[in-house]
Amino acid sequence: MIVLGIESSCDETGLALYDTEHGLLAHALHSQIAMHQEYGGVVPELASRDHIRRALPLLTEVLTQAKLDKHQIDAIAYTQGPGLAGALLVGASVACGLALALDKPVIGIHHLEGHLLSPLLASQPPQFPFIALLVSGGHTQLMRVDGVGQYKLLGETLDDAAGEAFDKSAKLLGLTYPGGPAISRLAEFGDPAAYKLPRPMLHSKDLNFSFSGLKTAVLTVVKNHNTDICEQDKANIARGFVDALVDVLVAKSMTALKEQGLKRLVIAGGVGANQQLRTALNAAAAKRRYQVFYPELEFCTDNGAMIAFAGAMRLQQNPALATREYGFNVRPRWPLHELQT
Ligand code: ATP
Ligand code: MG
Ligand code: FE
């Protein structure tokens, strides 16, 4: 079965073709980062319009890459939510319009399920069950994953997501959007002893997180410098921020594994691309004989491959999920636990 995946929940248009027999056949992505950069964040209306411009050329690109004709697609999966309403509507309408024209079934996919399953696309995928640490721009959650569609929430952030904390702190340091990669590069040159920032909820005895206080701590340090903040100061603050955030993510992930009696940890979402986080997780896991699995770097942030893959997994498990009713509705707010199995 060949599934076309369409992702358009935020500022990336991603299309991909996944074959249940031969794996990922092709994927193509257009990131709108450059377009939104001058506004310091995503402008929803600009995002929607750009998805419209990009979707069909990307479709041609993946079909060409895979040397397939569009009639060879067996089903179309699209991100139904959560995300920006207008952006989601573009992907949904392209998916359903195309499916109607080709007489193929469609399936709406939960964006977080896409992220969650993306590590299974790697060359050495983890086996179920595992603990998943989902660290993206809008979410920070620890989950127990027993199989496709079997997700149990163990803990989550009570305020800002990890990616959001990266982006907001980076902005405070005068770095460009999205700040995650920028602050992480800067932190490499920072002195770890210069600023010891708070580790929120490190000892909270549950698996929840809170990162808004960490961002405020960055703000306070920046303000104390008035305007005379030099590059080395910025790098030191970046280092203090990254170390604090990584410490909490690592500690809670280890606790989750221990509490659930599992040995496999899977990382998903954009912050999973962070090198400092990967290094710290690998070290903590090795000490305890746990294994850590990551998505390929290009599949950490939003992409079409994870949507095509999640669609294929869902349809293999339950073919009845595919529908030929092409009237669609998107779900900008959609808690993962409401997902039907
Ligand atoms: P969600 O999936 O929760 O709806 P999203 O789709 O915006 O949110 P992702 O695409 O998974 O989130 O990830 C984007 C986030 O990842 C941004 O906040 C970005 O700063 C962060 N990020 C990307 N690369 C890195 C990195 N190397 N280090 C730290 N953060 C990073
Ligand atoms: Mg994005
Ligand atoms: Fe995402």
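These legends go with a few close-up views of a predicted model. Residues are counted from 1 along each chain as its sequence is written, with chains lettered from A and ligands numbered from 1 in the order in which they are written. Since this is a prediction, local features need pLDDT of at least 70 and side-chain atom pairs count only at pLDDT 80 or more, while totals for chains, interfaces and linings use all residues.

**View 1. The shell around ligand 1.** There are 23 residues around ligand 1, and Gly137, Gly138, Gly163, Gly180 and Gly270 come nearest (near: C-beta, placed from the backbone, within 6 Å). Helices H4 (111-117), H5 (162-172) and H6 (179-187) each give two or more residues, and H6 gives the most, with four (helices are DSSP runs of H or I, at least four residues; strands are E, at least two). Domain 1 (2-116 + 299-338) and domain 2 (128-294) each supply at least three residues; the bounds come from an automatic or database domain assignment.

**View 2. Leucine 134, in strand S6.** Leu134 lies in S6 (residues 130-135), and it counts as buried because it has 25 C-beta neighbours inside 10 Å (buried: 20 or more other C-beta atoms within 10 Å of its own). Beyond four places in sequence, its contacts include Leu112, His115 and Ala268 (contact: C-beta atoms within 7 Å).

**View 3. Serine 136, in a loop.** Ser136 sits between S6 and strand S7 (140-147) and is also buried, with 23 C-beta neighbours inside 10 Å. Not counting residues up to four places away, Ser136 touches His115, Ala161, Gly163, Gly269, Gly270 and Val271.

Conventions
A residue is buried if 20 or more other C-beta atoms lie within 10 Å of its own, exposed if 12 or fewer, and partly exposed in between; C-beta atoms are placed from the backbone. Two residues are in contact if their C-beta atoms, placed from the backbone, lie within 7 Å.
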